[in-house]
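Subject: Model handover

Hello,

The model we talked about is below. My notes on it follow.

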Amino acid sequence: MINSIKYFEEKCINRFEKLEDDFMKNPTKLAEYVYGLTDELHKLGLEMIKESLESMDMMLQKSPIRLKHWVVEAHSSKQLTTSLGDVVFRKTLFTNKETGKSEYLLDRILGIDPNERLTEDAEARLLEEAVQTSYRRGGEEVSLTTEVSKQTVKNKIHSLEFPKNEEKPENKKVVDYLYIDADEDHVSLQFREKKGDLKENENHQKNNCLITKLVYVYEGIENESPKSKRHRLVNPYYFCGVNSGEGNQRFWDEIYEYLSNHYELGKVKKIYVNSDGGSWIKAGMNRIAGITHVLDEFHLEKYLTKLTSHMKDSKEDAAEELRTAIRNKTKADFIELVEKLKGYLTGETGIERMEEAKAYILSNWTAARIRLKHKDGVKGSSTEGHVSHVLSSRMSSRPMGWSEVGARKMSQLRAYYLNGEDMLKLIRYQGKKLPKAAGAEYDILSSTQIIASEKNRHGELGKYVESISHSMSLQNKKMVYFNTHIWGL
């Protein structure tokens with residue numbers, strides 16, 4: 001860090017003083033003062049990163065450990081895009097004496113693929129933006145001074161693998177009720193696997209609709225604050241995906257595993273599933289014991305409206321009669337009331353609509369009854385609002401097209417983000433760490449080496465030594481630390 005210290009002493013301090021002087025002359029220019037300081041600190045940061053990387057490469061060149069098995073082949077420059085900006089530094093290509101294989105050993109120690117241009121922090125920044133807005137914006141926000149193409153962002157997201165939540169708290173939570181809300185969003189596909197593979201049916205409509213699934217688990221609903229009329233879920237956890245068949249089974253098994261790992265299920269009175277009763281949801285409910293299905297309010301009211309919309313001023317009274325039939329009477333009473341309402345139709349218009357609504361409610365009769373009775377811990381559902389917030393806002397509210405892979409990865413990334421997980425942790429999960437070579441050993445510097453290095457360091461720093469007083473110099477600490485990473489050389 002010697003050069004960085006010199007840079008700071010000789011250039012930055014003077015520039016800082018000049019910026020402060022200008023600000024004192026004109027206090028209304030606070031913004032310019034902040035911009036100027038930010039720019040100088042930014043340059044200093046990039047200089048420090050460059051020097052650290054080149055210092056590590058120099059340690060490799062001088063290392064007696066490396067010399068046992070590797071010889072210097074050539075030198076080249078590499079550009080890395082960090083979240084701070086682009087860093088261009090020199091690195092060394094080494095050749096193994098035994099195998100003849102050439103390798104940039106610094107890349108291996110840093111855990112960077114030879115062709116990689118983005119650092120982990122830059123990739124995390126890319127994901128933070130892309131999960132909220134767009135691929136293009138993700139590319140623009142990857143760094144303070146640099147951007148990458150939206151194709152690069154797309155490739156990164158398509159290659160993501162997501163960890164399962166395998167956290168197992170020492171003490172599981174004990175609650176009376178648990179709630180699982182489930183619903184879906186419909187996104188438009190540009191293609192499924194490759195462009196041009198969407199087929200048209202006899203009505204010249206393409207099969208370009210894909211279902212993205214949302215399930216979230218929570219412990220109840222509370223006010224955002226004591227006097228607030230707004231509500232929030234208690235400890236929600238989100239699951240999203242695009243799957244069917246066995247994939248849907250694994251999806252629900254993951255949800256059950258989360259419940260089992262975090263809650264004492266044997267002490268839960270009821271686990272309620274709020275949903276519209278879709279087939280993929282019912283298939284999932286069969287995989288979790290003790291679940292009670294509750295029809296969500298949005299879909300129940302939607303189909304009650306279909307049964308009563310032709311009643312004009314009397315439609316709310318008619319809807320309340322239907323609710324009473326569902327809540328306290330039999331299916332036969334409900335059917336009889338629907339037939340009575342059909343008599344108020346003019347012509348054949350609306351019969352198909354009413355038949356569809358009647359069939360839907362009858363197929364979800366018990367779930368609808370539980371919803372309307374609203375007893376034993378049943379809570380109002382918010383599935384439609386959550387679908388809009390979690391999925392639609394990013395994937396379908398604006399005209400956009402996806403591939404199946406892109407829709408699957410983005411839906412998973414949305415869940416990961418809303419669960420408050422760390423994007424840097426996700427990047428590091430991708431298995432980019434290179435394995436430590438077998439037989440790797442390292443030397444610890446002797447006291448003689450440290451003393452000799454310290455003397456050299458004092459001569460090199462000259463007037464800057466006084467500004468850096470440590471019991472053991474940073475330079476020597478770096479040498480000790482870095483030697484522990486020189487693998488199998």
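Buried here means under 20% relative accessible area, exposed means over 50%, and partly exposed lies in between (1.4 Å probe, protein chains only). By that cut-off, 43% of the 489 residues in the chain are buried.

This is a predicted model, in which local features need pLDDT of at least 70 and side-chain atom pairs count only at pLDDT 80 or more, while totals for chains, interfaces and linings use all residues. Residues are numbered from 1 along each chain as its sequence is written, and side-chain values use heavy atoms, with hydrogens and water left out.

The chain has 19 helices and 10 strands, taken as DSSP runs (H or I, at least four residues, for helices; E, at least two, for strands) and numbered from the N terminus.

Two residues were looked at.

Asparagine 364 sits in the loop between helix 13 (351-363) and helix 14 (365-373). Asparagine 364 has a relative accessible area of 4% and is therefore buried. Its side chain makes a polar contact of 3.4 Å with that of lysine 282; such a contact is a pair of N or O atoms within 3.5 Å, and within protein one must be able to donate a hydrogen and the other to accept it, with residues adjacent in sequence counting only if both atoms are side-chain atoms.

Arginine 414 belongs to helix 16 (residues 404-418) and is buried, at a relative accessible area of 5%. A polar atom of the arginine 414 side chain lies 2.7 Å from the backbone oxygen of valine 390. Arginine 414 and valine 131 are 283 residues apart in sequence, yet 6.2 Å apart in space, C-alpha to C-alpha.

Regards
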